[in-house]
Amino acid sequence: MIISNIPYRTAALVLASVVIGSTGTMQTAAAQSVEQFYKGRTITMLVGTSPGGINDISARLVARHLGRFIPGNPNIAVQNNPGAGGIITANRLYANVERDGTVLAKFERAVPQLAIQGDPNAQFDPMKFVWLGSLSSYADDAYLLIVNANNPVKSIDELRQPGKSLNLGADSSASSNLIFAVIAKEIFGLNINVVRGYTGAATLFLAMQRGELDGQFVGLSSVKSGQRDLYNKKAFRALMAFGRTTRHPEFPDIPIGRELTKDGNALALIDFAELPFFMALPFAAPPGVPADRAKALQAAFMEMCKDKAMLEDAEKIGIDMSPLDGEGVLKMLQRVAGTPKDIIARYNAIGGEKR
């Protein structure tokens, strides 16, 4: 604004009017109700993995239903941002998006734990996100080692014998499929070759169908939702499971990880590695979202999880619905943060690039 050629009194009045106008605009924005803010808006839902896997499928499920429970009924659009096992999306949500409640994210379950582990690529504090909750606490799920049904290996015991081995696919160090494949190899002594470089369960299933891989570690709900036809045709065989303290009722004859060792340190490591399963499908907003909108988003998420249409939709696509609220997710992360440093150091070594 140029005021040098007008009288001082006039200039002062102009400046005052600008200040008053700006203040009025800010007060109007601050005075908006949650419903007024969201009405006619579109929320962006970030997903840190490629389309087709459980993270993408669950994000799209939430995108279809959550808006009905947020005051103002905004639309929700999913945006995939694959890379670094979901770390890129977490970093982006933490520091490079609007903090007004118009950007949310579906995280890969292991990502929030990375900052606690001290991963230098994890440029976020998981305790500061606004956690909406998790669709699943793994009550009726399991993290399975599956192989193609025509694979000659029929049991875990065979993988401790010479001459039999499996090529298992995996993502990056942030991914559960890598961590548990290496635990099976290094802690249980199974004859497993870990093949890295894949991006998401969907690409791993394609590699299995092409014969590039014998199998992978993957969630039961991920198989049922992403590969329902193949699952119903019994195209896969499960050999063991993580993410449970007892055997899954659907697989009473396959062991869980805790049965395969009696070593106390190994069991402590498995306990730490499995913690993310109990907040298996987490959703978050960035830090700093206005308190009223944060509460509305958290309440909407839990209301959505009880909705009949949502539950029917989830069942159709094979999602385990055993929700955990935002406070529950935060408590789970606090439990992770309390893990002894030597256990975390051993866990970090398992996911190291040298493997």
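This short talk describes the nonpolar cores and the aromatic rings of one structure.

The model is predicted, so local features need pLDDT of at least 70 and side-chain atom pairs count only at pLDDT 80 or more, while totals for chains, interfaces and linings use all residues. Residues are numbered from 1 along each chain as its sequence is written, and side-chain values use heavy atoms, with hydrogens and water left out.

I begin with the cores. A nonpolar core is a set of buried Ala, Val, Leu, Ile, Met, Phe, Trp, Tyr and Cys residues joined through side-chain atoms within 4.5 Å; buried means under 20% relative accessible area, with a 1.4 Å probe and protein chains only. The largest such core has 94 residues, and Phe180 and Phe217 are among those with the most contacts inside it. Helix H6, residues 176-186, contributes the most, with seven residues; helices are DSSP runs of H or I, at least four residues, numbered from the N terminus. A second, separate core has 19 residues, including Ala142 and Phe251.

I turn now to the aromatic rings. Rings of Phe, Tyr and Trp (its six-membered ring) pair if their centres lie within 6.5 Å, and planes over 60 degrees apart count as edge-to-face. The whole structure holds 17 aromatic pairs. In one of these, phenylalanine 272 and tyrosine 347 have ring centres 4.9 Å apart and planes at 85 degrees, so this pair is edge-to-face. Phenylalanine 272 lies in helix H10 and tyrosine 347 in helix H14, 75 residues apart, so the pair links distant parts of the chain. Both residues, phenylalanine 272 and tyrosine 347, are buried. Finally, one aromatic cluster includes Tyr138, Phe180 and Phe217.

Methods:
Buried means under 20% relative accessible area, exposed over 50%, partly exposed in between (1.4 Å probe, protein chains only). Helices (H or I, at least four residues) and strands (E, at least two) are DSSP runs, numbered from the N terminus. Rings of Phe, Tyr and Trp (its six-membered ring) pair if their centres lie within 6.5 Å; planes under 30 degrees apart count as stacked, over 60 as edge-to-face and the rest as tilted.
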